[in-house]
Amino acid sequence: MASSYTVKARCAKCGKVSEIQAQRSVNVQENPELKEDVCSGRIFVWNCADCGTPNLAKWPFLYHDPEHRLMIWLSDGKPETERQMAAAIEAEEGMEGYTTRIVDTPGDLIEKISIFDAGLDDVAVELCKFVTCQELSKDVALRFYRMEGADNEIIFAYPEKGQMQMAGIGFNVYEDSAGIVRRNQPLLDSTRGLVRIDRDWLSRFLA
Ligand SMILES: [Zn+2]
């Protein structure tokens with residue numbers, strides 16, 4: 001798979017179409033120097049040749065971390081490309097023990113990478129978010145921010161009134177959530193294959 005290709009993209013500000021070199025995938029074991037470009041979001045930003053406005057990429061992108069046996073597919077939202085990607089991953093050799101995920105925005109991708117880099121399970125983290133929303137009595141979109149301190153407090157960020165707010169939970173909440181996930185076979189089964197693990201996915205099990 002070639003790592004980059006040319007795509008046409010339209011500037012969100014002036015509407016001018018530019019031809020840009022888009023990164024198709026990054027293998028962070030082969031190219032560790034590119035990881036920072038992914039995690040900072042830099043790799044997904046292109047500047048309009050006409051007006052200079054920075055735009056966010058909307059092309060499909062595969063993040064591959066062989067060491068952590070992790071593949072995250074940033075989808076363009078087209079069902080046929082998702083089906084092709086799922087089939088390609090299924091046909092790949094040596095995928096045992098891999099975690100494979102679909103995300104819809106660069107922000108979602110960066111969050112997933114932080115979760116797995118912290119050694120956490122994203123399924124349990126989604127459950128933690130649900131619990132935290134209930135504790136806050138707020139219906140907000142929490143994002144994993146980081147693990148903090150000697151007690152591994154888990155910090156979530158969420159937007160409120162135009163500002164970023166933080167909410168922390170004890171690691172015990174994460175451990176309880178991980179236990180619930182391990183005991184719930186239908187939930188576990190739905191995490192297999194190339195899947196989206198997000199708030200909407202979790203809500204199907206909480207109805
Ligand atoms: Zn422009």
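**Exercise 1. The β10-β11 turn**

How many residues lie between β10 and β11 in their hairpin, and which residue in the turn has a positive phi?

Solution. First, the ground rules. This is a predicted model: local features need pLDDT of at least 70, side-chain atom pairs count only at pLDDT 80 or more, and totals for chains, interfaces and linings use all residues. Residues are numbered from 1 along each chain as its sequence is written, and side-chain values use heavy atoms, with hydrogens and water left out.

Step 1. Strands (E, at least two residues) and helices (H or I, at least four) are DSSP runs, numbered from the N terminus. Two strands pair if DSSP finds at least two bridges between them.

Step 2. Read the turn. The β10-β11 hairpin has 2 residues between its strands. K161 in that turn has a positive phi of about 50°.

**Exercise 2. The sheet around β10**

Work out the strand order and the pairing of the sheet that holds β10.

Step 1. Order the strands. The open sheet runs β9-β10-β11, with antiparallel pairing.

Step 2. Find the edges. β9 (143-148) and β11 (163-169) each have a single partner strand, so one side of each is left without a neighbour in the sheet.

Step 3. Count bridges. β9 and β10 are joined by 5 bridges. β10 and β11 are joined by 7.

Step 4. Follow one residue across. I155 in β10 is the bridge partner of R146. In β11, I155 has G168 as its bridge partner. M147 stands opposite I154 in β10.

Step 5. Check the other turn. The β9-β10 hairpin has 4 residues between its strands, and G149 in the turn has a positive phi of about 75°.

**Exercise 3. The mixed sheet and its helix**

Describe the four-strand sheet and find the helix that packs on it.

Step 1. The order is β3-β6-β7-β8, in an open sheet with mixed pairing. The edge strands are β3 (25-27) and β8 (99-103). The twist averages 10° from one strand to the next.

Step 2. Take one pair. β7 (residues 70-74) and β8 run parallel, joined by 5 bridges. L70 stands opposite T99 in β8.

Step 3. Place the helix. α2 (residues 79-91) touches β6 (61-65), β7 and β8, where contact means heavy atoms within 4.5 Å. The direction of α2 makes about 165° with that of β7.

**Exercise 4. An aromatic pair**

Classify the ring pair F44 and F61.

Step 1. Recall the cut-offs. Rings of Phe, Tyr and Trp (its six-membered ring) pair if their centres lie within 6.5 Å; planes under 30 degrees apart count as stacked, over 60 as edge-to-face and the rest as tilted.

Step 2. Count. The structure holds 3 aromatic pairs.

Step 3. Apply. The F44 and F61 centres are 5.1 Å apart and the planes stand at 90°, so this pair is edge-to-face.

Step 4. Locate. F44 lies in the loop between α1 (35-39) and β4 (45-47), and F61 in strand β6, so the pair ties together parts 17 residues apart in sequence.

Terms used: Axes fitted to C-alpha atoms, helices over the stretch in contact; angles between N-to-C directions.
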